[in-house]
Protein chains: 4
Amino acid sequence: MTEKKENILKAALELFAQEGFKSTSTSKVAKRAGVSEGLIFRHFENKDGLLDAIIKEGEEKAKLLFADIVLDPDPKEVIRKTLEMGLRMIGNKEDAEFWKLQYKIKWELEIYGEHKMEPLELALTNAFAKLGHAHPALEARYILVNMDGLATRYFLQKDFDLQSLINFIKTKYCI
Amino acid sequence: MTEKKENILKAALELFAQEGFKSTSTSKVAKRAGVSEGLIFRHFENKDGLLDAIIKEGEEKAKLLFADIVLDPDPKEVIRKTLEMGLRMIGNKEDAEFWKLQYKIKWELEIYGEHKMEPLELALTNAFAKLGHAHPALEARYILVNMDGLATRYFLQKDFDLQSLINFIKTKYCI
Amino acid sequence: MTEKKENILKAALELFAQEGFKSTSTSKVAKRAGVSEGLIFRHFENKDGLLDAIIKEGEEKAKLLFADIVLDPDPKEVIRKTLEMGLRMIGNKEDAEFWKLQYKIKWELEIYGEHKMEPLELALTNAFAKLGHAHPALEARYILVNMDGLATRYFLQKDFDLQSLINFIKTKYCI
Amino acid sequence: MTEKKENILKAALELFAQEGFKSTSTSKVAKRAGVSEGLIFRHFENKDGLLDAIIKEGEEKAKLLFADIVLDPDPKEVIRKTLEMGLRMIGNKEDAEFWKLQYKIKWELEIYGEHKMEPLELALTNAFAKLGHAHPALEARYILVNMDGLATRYFLQKDFDLQSLINFIKTKYCI
DNA sequence: TATGAATGAGACTTCATTCAT
DNA sequence: CATGAATGAAGTCTCATTCAT
């Protein structure tokens, strides 16, 4: 991957996350990447191809993040790590941008990509079962739905206090 | 409000909800509304004005919905009604479209409109306080964050079972 | 048909005939027509649509031209008119442009449109049969192939003397 | 001439003949030739240079073809060979492509290259004179115009029966 | 000789908006 | 109130050509 190609990906990620996919013109991306507009098409064929490349990169990131949670044998840890996933997602500016884009894209393109969450949901179901909960599958889904709610708020509500709400939720799960 | 003006609003609501604001051209709106393109601008000045009109209509709807909840003196009822709000939102096709649009717009324009939720959050805080919860404000926020998560899933995940998850949450609040 | 729409058709005909379809940009057409580029697409949807419109106009013209020949009961007249068709095609600048375009398009798009010639070929076959020729169908085809050759030369060879060659051919058919 | 240079010429000939000069991008040529795009410019300077090279090759081929006709002392043979030239042009796929390109180029660039035909026209004039025709120059031109008509039909009309029409023309010249 | 990344100009097309009717 | 022709800016994408390697 050449440096310019990486610049394009980075610029596109930033702009798509800030202004949305449709609202970001390829010329804006090129300008921010310090690159001729044509180069975008040489490397990614399409504007859609550029988006795909970003999403693909995202799936890799998500896999890594999930792997650490899913493979933990301690059920309490699985739950704790899931809840803290949100905080890790926004640890640095680049990560935050990346995850914000994931949600923006979901809404703009209306694809949830539930299959990506499946391993995590299964691991959580398992964890809740081990801990003796009556409806482990529902508990698992519930906690993940929570994460979507938190993301919605964190990314859209300027002064949203993510940290304290996550702490509060943790107390609910006795963590 | 003339019939044509209403057609425009209806067409715009449908299209904005389906394809997003940016992706919907005024000509598409006009075509679906069975109206000349110019008429949109006579009635709403610009495309943004059309969106504003739709959002404004939305606030009215939301106020009505919230009023019923906020004014209930029974704290358990406040919580129950809040949880069931989601089901009411999607009772008919038009309502579902309307609420889906609200979320799409939020993500596309990145305005959460937290002020609209304030009365409801206060009422919930109050309710949890009456019921003796330790952190009524956090409980209130938590439950609303949940609603956003549910909406995210319901609108984006094709086979999401909203009903059973709401029922499950109700049991958590002993309702 | 508004005046501007006609200007577009006229400008496009001229430019397509002079420089070819592919080599003529829509912006050039718009400029020559004294019209905004967007208007071309409002009226004709596509650059291809613009070409189609021109071709369709052409078919009408050709029909009129052929009708006069085909309907003549005198076989000698049918042949004479066919041979002189070439001269009529180039009677004025606009007609010449039009017919030149027809040939340019044929070669650029590789569609001969043989069905358009069928009535004429039949009429000629008939005429040669009446005159007692041994192979009327071949004579008919031969004379039409000649016309294509004449057009090729007339439009591509700067100093080609169409008139005298047509006169010469006429003597071959004793006309 | 290196192998790659020949590949380029071959690919360009094929593509220019199929899709036209303007419609064929240098990148398409490079791809079909299995060569980097830059190499085209190293060998031919520009796209026009590539076309020139192809045309120049064509003139050589035409010279060879004409030489055999022009040098024949028997006037009947000159005429016969001229008439059969068409069939020889399309003997194999590569030849057909080559000659088709010559015509496509003529129409796309509007250069007839009449000088190339001059020797042949003179030889034909001579032949018709020897045979005692009244207007040998016109006869010569007429027969060549016919060839252009035949080429037009053969290359553009899918089901055109070249052979039988050439045979028919031969009978006209008592050959 | 040969590659392939990179460019800049320009192609076709869309779209919000204006305006005469 | 309503139409629809018309515009100009901007959007996505293509392409001949250059250049460092």
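Colleague: How many residue pairs are in polar contact between chain D and chain C?
Modeller: This is a predicted model, in which local features need pLDDT of at least 70 and side-chain atom pairs count only at pLDDT 80 or more, while totals for chains, interfaces and linings use all residues, and side-chain values use heavy atoms, with hydrogens and water left out. Residues are numbered from 1 along each chain as its sequence is written, with chains lettered from A and ligands numbered from 1 in the order in which they are written. A polar contact is a pair of N or O atoms within 3.5 Å; within protein, one must be able to donate a hydrogen and the other to accept it, and residues adjacent in sequence count only if both atoms are side-chain atoms. With both residues at pLDDT 80 or more, the count between chain D and chain C is 16 residue pairs.

Colleague: Which helix gives the most to the side of chain D that touches chain C?
Modeller: Helices (DSSP runs of H or I, at least four residues, numbered from the N terminus) that each supply at least two residues to this side of chain D are H1 (3-19), H6 (93-109), H8 (136-156) and H9 (162-172). The one that gives the most, with 15 residues, is H8(D).

Colleague: How many salt bridges are there between chain D and chain C?
Modeller: A salt bridge is a side-chain nitrogen of Lys or Arg within 4 Å of a carboxyl oxygen of Asp or Glu. Glu139(D) forms one with Lys172(C), where the closest N and O atoms are 3.0 Å apart. Between chain D and chain C, the count of salt bridges is eight.

Colleague: How much area do chain D and chain C bury between them?
Modeller: The contact (heavy atoms within 4.5 Å) takes 39 residues from chain D and 39 residues from chain C. In chain D, Trp107(D), Tyr142(D) and Leu156(D) lose the most area to chain C, together 23% of what that side buries. Buried area is the accessible area (1.4 Å probe) that two parts lose on being put together, summed over both; with 64% of it on carbon and sulfur atoms, the value here is about 3900 Å².

Colleague: Which C-alpha of chain D is nearest the axis?
Modeller: Superposed by least squares on the C-alpha atoms of residues with pLDDT of at least 70 in both, chain D can be laid on chain C with an RMSD of 0.2 Å by a turn of 180° and a shift of 0.0 Å along the axis. The two copies are thus related as by a two-fold rotation axis. At 1.8 Å from this axis, the nearest C-alpha in chain D is that of Gly149(D).
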